[in-house]
Amino acid sequence: MPRGIYKRSQEYLAKLKTLGFQKGHHGFRSKESYLKGARKSSEAQRGKPRPFQSGAKNFLWKGGITPINVKIRQSLECKNWRRSIFERDNYSCQVCQRTYCILNAHHIKPFSKCPELRFDIDNGVTLCVPCHNESKRKEAWYEEQLDKLATLNWIQDEMLFRLAV
Ligand SMILES: [Zn+2]
């Protein structure tokens with residue numbers, strides 16, 4: 001059927017009348033109530049597996065063409081790992097302390113070299129995109145720097161703790 005505006009048939013218009021707003025219906029009363037409902041249902045589903053719409057059952061399934069490392073990175077386990085890193089770091093870049101920017105969860109020990117640490121919370125740190133780009137191709141150096149930063153933070157925490165006691 002070519003694109004364009006088609007005249008609605010009488011039958012269709014009659015059907016529309018029965019489908020439309022009827023007594024007893026009410027829409028969303030405010031934007032807030034709509035968002036509340038939407039957020040509630042999305043939060044309830046968060047972090048749970050969805051076997052009914054994954055793999056071959058999904059409408060985007062192309063016959064298993066995803067490489068294995070991409071598959072791992074997109075897995076639920078990886079998503080949950082990322083979220084727990086962000087939550088621990090309070091959704092701020094741990095190098096420049098920026099918030100309200102696009103954040104990445106960085107693997108301190110590289111994803112490819114240390115498969116056993118891929119989902120270790122202690123092996124992740126929140127970085128903003130510029131700081132993350134900075135780490136590309138100099139992973140070893142960055143690892144050292146982050147290690148120093150962690151030690152520094154640890155010393156700071158320790159000092160604050162002692163002062164508080
Ligand atoms: Zn940053």
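A nonpolar core is a set of buried Ala, Val, Leu, Ile, Met, Phe, Trp, Tyr and Cys residues joined through C-beta atoms within 7 Å. "Buried" here takes 20 or more other C-beta atoms within 10 Å of a residue's own, "exposed" takes 12 or fewer, "partly exposed" falls in between, and C-beta atoms are placed from the backbone.

## The core

The largest such core has nine residues: Ile85, Cys93, Val95, Leu103, Ala105, Val125, Leu127, Cys128 and Cys131. Two elements, β1 (103–107) and β2 (124–128), each give it two or more residues, and β2 gives the most, with three.

Take Cys131: setting aside neighbours within four places in sequence, Cys131 is in contact (C-beta atoms, placed from the backbone, within 7 Å) with Cys93, Val95 and Cys96.

## About the model

This is a predicted model, where local features need pLDDT of at least 70, side-chain atom pairs count only at pLDDT 80 or more, and totals for chains, interfaces and linings use all residues. Residue numbers start from 1 along each chain as its sequence is written.

## The whole chain

## Out on helix α6

Arg162 sits in helix α6 (residues 139–164); helices are DSSP runs of H or I, at least four residues, strands are runs of E, at least two, and both are numbered from the N terminus. Arg162 counts as exposed because it has 8 C-beta neighbours inside 10 Å.

Methods. Contact = placed C-beta atoms within 7 Å.
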